[in-house]
Amino acid sequence: MKDKKQQLTPFFTKLKEYGESDVVPFDVPGHKLGRLPNDLSAFAGKGIYQLDANAPRGLDTLSKPTGIIKEAQALCAEAFNADRAYFLTSGTTGGIIAMIMATVRAKEKIILPRNVHKSVINALIFSGAIPVFVKPDLDNNLGIANGVSFQNMKRAMDDNPDAIAVFVINPTYFGVVSDLKQIVDYAHEKNMLVLADEAHGAQFYFSKLLPQSAMDAGADIAATSMHKTGVSLTQSSILLTKGDRVDQFKLQSTLNMIHSTSPSAVLLASLDVARKQMYFEGEKGIEKALKLRALMVPKFNEIKGVSILDESYAVKRGYDFGFDSTKLVIKVADLGLSGFDVYRMLKDRFDIQLELAETYLVLAIITMATTKRDLDRLYKALQTISDENYEQNQSLPKIKFHYNFPEPFVRPREAYHAPHKIIPLADSENEISAESIMIYPPGIPMLIPGEIINASFLEDLDFYQQSGSVIFSELNNGYIKVIDKENWEKWEDSDEL
Ligand SMILES: Cc1ncc(COP(=O)(O)O)c(C=O)c1O
């Protein structure tokens with residue numbers, strides 16, 4: 001039974017009334033609710049400016065909600081089976097930084113998989129927490145990292161009984177989920193908090209056909225990108241909490257350090273509206289999308305050189321806790337092309353924008369807004385690429401790529417604050433990195449501050465550079481920022497590398 005209360009959109013409704021009213025705006029923003037026409041209003045309509053109020057009386061305050069934002073957050077919490085929800089206008093990035101800073105202090109331990117998003121590494125720098133990395137399942141045939149097993153998480157918890165929190169990704173970019181319930185129960189037995197990155201998991205809350213959500217599994221906090229796999233505007237996310245293990249005052253005050261003092265009302269309104277839409281339409285919409293996928297996957301699999309990952313992949317790798325089938329993971333390496341090649345071809349020749357490419361695959365995200373026509377176009381494009389490449393590329397040497405992570409030497413915050421120097425990448429083997437380097441998307445750092453640069457990292461980076469991937473690093477010009485060991489006190493006391 002649906003709760004009629006969820007029809008309400010307290011924040012959006014009041015904001016719209018305000019934008020349509022005859023208010024005399026002597027406050028910011030300077031566009032004064034869109035009085036001066038411009039190119040954007042000509043395209044998107046004046047409405048977008050009418051909704052772009054800052055903090056007028058009656059519209060509540062994100063940093064200390066007592067009115068309509070509080071009501072909207074409460075409705076959101078109910079819809080997500082959480083006890084509380086906090087709206088975020090800084091994406092899940094902001095939520096992740098806040099949840100780690102609010103729960104794990106400097107020099108306290110947090111257990112987490114190494115294949116986390118860059119926001120988690122930055123959160124470690126802000127908080128000063130000591131990461132205890134758990135190796136995820138690395139699939140070198142596909143060049144991706146998957147989940148972490150309960151056994152590996154349990155071992156890390158047993159070996160580090162003083163850890164404050166355990167961090168999980170639910171699901172990974174490629175749809176794999178860990179045994180969240182078992183991890184949560186064991187962590188709670190050990191008196192540890194469970195923090196979940198649900199940047200790709202907003203849809204789990206609205207469909208029984210998908211894996212368990214973090215809140216349903218009993219996690220303490222989840223940062224959930226409503227804008228990625230939900231239907232809100234880009235940069236709008238939510239932070240959900242359950243139970244009383246997390247200090248809510250500390251969480252709100254930490255969020256207030258991260259929030260702009262002028263959070264976008266348009267983004268907040270889009271969260272309010274998206275929550276209502278997903279609550280009422282999510283279940284059917286996701287079911288329809290999954291049916292479309294099920295209809296198309298056998299056709300995709302008939303294309304020579306193309307295969308789609310499904311639940312059996314996760315099960316084969318020991319992850320039988322469901323699979324997020326809204327992720328269309330398309331293996332293309334058997335076409336004799338890299339994922340990067342196919343990603344570029346699809347956009348440049350067929351006007352099809354995928355989410356990302358990896359060495360051997362490309363990823364398409366399906367949501368309740370995906371249509372049959374979209375999947376048909378993708379199918380036809382891949383068929384054409386296969387017709388043009390499959391036969392003649394079979395004699396080409398196979399791509400060789402090894403997915404791994406370097407060893408840590410100091411925690412990220414220490415590396416961040418240590419003296420630095422900039423050296424050529426070619427001379428950097430055995431140095432300690434002072435920066436994060438990653439391809440984007442997915443934004444999972446191959447190297448983080450405090451890790452020891454090794455030959456395998458340098459080879460992988462070179463491979464990515466050759467493949468034309470977008471590389472996020474501080475310098476991007478053949479140089480890298482490393483710790484200046486000669487001028488670093490810590491180095492004097494250490495057994496050198
Ligand atoms: C696994 C993961 N976590 C966190 C984030 C950050 O999310 P947002 O873009 O909403 O800040 C991303 C973004 O790509 C992600 O892939």
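Predicted model: local features only at pLDDT ≥ 70, side-chain atom pairs only at ≥ 80, totals over all residues.
Figure 1. Asp197 places a polar side-chain atom 2.6 Å from a nitrogen atom of the ligand. In the side chain of Ser225, an N or O atom is 3.1 Å from an oxygen atom of the ligand. The ligand taken alone exposes 380 Å², and the protein buries 90% of that.

**Figure 2. The shell of residues around the ligand.** The ligand is surrounded by 13 residues, and the closest are Thr92, Thr93, Asp197, His200 and His227. By type, the shell divides into 3 nonpolar, 8 polar and 2 charged residues. Helix H5 (91-103) and helix H9 (226-229) are the elements that give two or more residues to this shell. The largest share, 4 residues, comes from H5.

**Figure 3. The salt bridge between Lys5 and Glu78.** The closest N and O atoms of Lys5 and Glu78 are 3.1 Å apart in this salt bridge. The pair links distant parts of the chain, 73 residues apart: Lys5 is in the segment before helix H1 (10-20), and Glu78 is in helix H4 (residues 68-79). Lys5 has a relative accessible area of 37% and is partly exposed. Glu78 also counts as partly exposed, at 42% relative accessibility. A search of the whole structure finds 25 salt bridges.

**Figure 4. The salt bridge between Arg245 and Asp220.** The side chains of Arg245 and Asp220 meet at 3.2 Å, N to O. Arg245 lies in the loop between strand S9 (237-241) and helix H10 (248-258), and Asp220 lies in the loop between strand S7 (193-198) and strand S8 (221-224), so the pair ties together parts that are 25 residues apart in sequence. Arg245 counts as partly exposed, at 44% relative accessibility. Asp220 is buried, with a relative accessible area of 0%. Side chains of opposite charge can pair when their charged atoms come close.

Figure 5. The closest N and O atoms of Asp341 and Arg344 are 3.3 Å apart. The two residues are 3 residues apart in helix H13 (residues 339-350), so about one helical turn separates them. Asp341 is partly exposed, with a relative accessible area of 28%. Arg344 is partly exposed as well, with a relative accessible area of 33%. Elsewhere, salt bridges that share partners join Asp3, Lys5 and Glu78 into one network.

Figure 6. Val28 and Pro29 are joined by a cis peptide bond, with omega about 5°. Pro29 is in the loop between H1 and helix H2 (39-44). The peptide bond from Asn170 to Pro171 is also cis, with omega near 0°. Pro171 is found in the loop between strand S6 (165-169) and helix H8 (180-189).

Figure 7. Lys107, a residue other than glycine, has a positive phi near 70°. Lys107 lies in the loop between H5 and strand S2 (109-113). With a relative accessible area of 58%, Lys107 is exposed, because a residue over 50% counts as exposed. Asn191, likewise a residue other than glycine, has a positive phi near 65°. The loop between H8 and S7 holds Asn191. Asn191 counts as exposed, at 68% relative accessibility.

**Figure 8. A nonpolar surface patch of Tyr440, Val470 and Phe472.** Together, Tyr440, Val470 and Phe472 have about 260 Å² of accessible area in this patch. Val470 lies in the loop between helix H16 (455-466) and strand S16 (471-472).

Note on methods
Residues numbered from 1 in each chain as written. Heavy atoms only, no water. Patch = residues over 30% accessible without salt bridge, like charges linked within 9 Å, V, L, I, M, F, W, Y side chains within 5 Å. Areas by Shrake-Rupley, 256 points an atom, 1.4 Å probe, with all protein chains shown as cover. Salt bridge = Lys/Arg side-chain N within 4 Å of Asp/Glu carboxyl O. Near = heavy atom within 4 Å. Polar contact = N/O pair within 3.5 Å; in protein donor to acceptor, adjacent residues only side chain to side chain. Nonpolar A, V, L, I, M, F, W, Y, C, P; charged D, E, K, R; others polar. Buried < 20%, exposed > 50% of the residue type's maximum accessible area, 1.4 Å probe, protein only.
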